[in-house]
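Thanks for coming. I have one structure to go through today, so please have the sequence and the model open.

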Amino acid sequence: MATPRDLAYRAYTASLRRHLPADKLPRHIGVMLDGNRRWAKERGAASADGHRAGAENIAPFLGWCEEAGIEVVTLWLLSTDNLKRPNVELEPLLEIIEQVVCDLADARRWRVRLVGALDLLPPQTAERLTSDAARADDVEGLVVNVAIGYGGRREITDAVRAVLRDAVAEGRSLEELASALTVEDIASHLYTRGQPDPDLVIRTSGEQRLGGFLLWQSTHSEYYFCEAYWPDFRKVDFMRALRAYVERERRFGA
């Protein structure tokens, strides 16, 4: 049975949602799912328990995004720096991420895309992630970018490498490329090419750093920093983030 507190929470959340103008909501939201380890530490649990708790909050979050009409969500699950962690912590985390991607594909609700340097991952992990994500290629719905082995600097480096390889394949000289290279050339080789840039980037856990997330794409993004650890991030927190976004006047660098 719902408690008075539950009822009040639901009423407040619904009120927030009603006052969000649909035409001002973001198309693409990036999320830095931060705080899993600290959530576990405060409870005397292992880091893996925090990551599992965080994983359990992903599907509900995507449901909230669907309700709000969001078109693209990018979830940062594993950075290039995370890959330097000891194997005793990294291996369980990779298993959890593998299960997350498998579950998202099995749900048949979301189109799952992998963004990141998969070549940095253990081969068996990269193979499983790629195979599972491919099972959702034909899904018509919210696009979910799962950022694994992701770093903003690495993404830009990979994009420039791809531009150079294309130039070589076309028989162009370095001088020709340098004189003709444009912002669009690099943008068209990013992991998220063909998608709108993120309008809103949310970071949980109280940290107020970019951390290299979507460095190129977030030039004009609005940021929202939330104190809650990711496992504790609730629908009301999401609604507050959207409210803060629609109340801002976006200047796009002007």
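Let me start with a term. A residue is called buried when its relative accessible area is under 20%. This is a predicted model, so please keep that in mind for everything that follows.

With that cut-off, take Phe238. Its relative accessible area is 0%, so Phe238 counts as buried. Phe238 sits in helix α10, which covers residues 235-247. What does Phe238 touch, leaving out residues up to four places away in sequence? The list is Ile29, Phe61, Trp64, Cys65, Ala68, Ile202 and Phe233.

Let me walk through some of the pairings. Strand β1, residues 28-32, pairs with β2 in the parallel sense over 5 bridges. Within that pairing, Ile29 has Val73 of β2 as its bridge partner. Ile29 was also on the list of residues that Phe238 touches. On to β4, residues 143-150: this strand and β2 pair in the parallel sense over 7 bridges. Val73 turns up again here, with Val144 as its bridge partner in β4.

Next, β5, residues 200-203, which pairs with β6 in the parallel sense over 4 bridges. Arg203 stands opposite Phe225 in β6.

The loop between β5 and β6 holds two residues I want to point out. One is Ser205, which lies in that loop. Its phi is near 85 degrees, a positive value in a residue other than glycine. Is Ser205 buried or exposed? Ser205 is buried, at a relative accessible area of 7%. The other is Leu214, also placed in the loop between β5 and β6. Leu214 is not a glycine either, and its phi is positive, at about 50 degrees. Leu214 is buried too, with a relative accessible area of 2%.

Last item, a pair of helices. Helix α5 covers residues 87-107 and helix α6 covers residues 123-134; their axes come within 8 Å and cross at roughly 15 degrees. Angles under 35 degrees count as roughly parallel, and that makes α5 roughly parallel to α6. The crossing of the two is left-handed. Which residues make the contact? From α5 they are Leu94, Ile97, Glu98, Gln99, Val101, Cys102 and Ala105. From α6 they are Thr125, Arg128, Leu129, Asp132 and Ala133. Sorted by class, the contact of α5 with α6 has 7 nonpolar, 2 polar and 3 charged residues.

That is what I have for today.

Note on methods
Residues numbered from 1 in each chain as written. Predicted model: local features only at pLDDT ≥ 70, side-chain atom pairs only at ≥ 80, totals over all residues. Heavy atoms only, no water. Axes fitted to C-alpha atoms, helices over the stretch in contact; angles between N-to-C directions. Parallel < 35°, antiparallel > 145°, perpendicular 65-115°, else oblique. Left-handed = near helix turned anticlockwise from the far one by under 90°. Contact = heavy atoms within 4.5 Å. Nonpolar A, V, L, I, M, F, W, Y, C, P; charged D, E, K, R; others polar. Pairing = 2+ DSSP bridges. Buried < 20%, exposed > 50% of the residue type's maximum accessible area, 1.4 Å probe, protein only.
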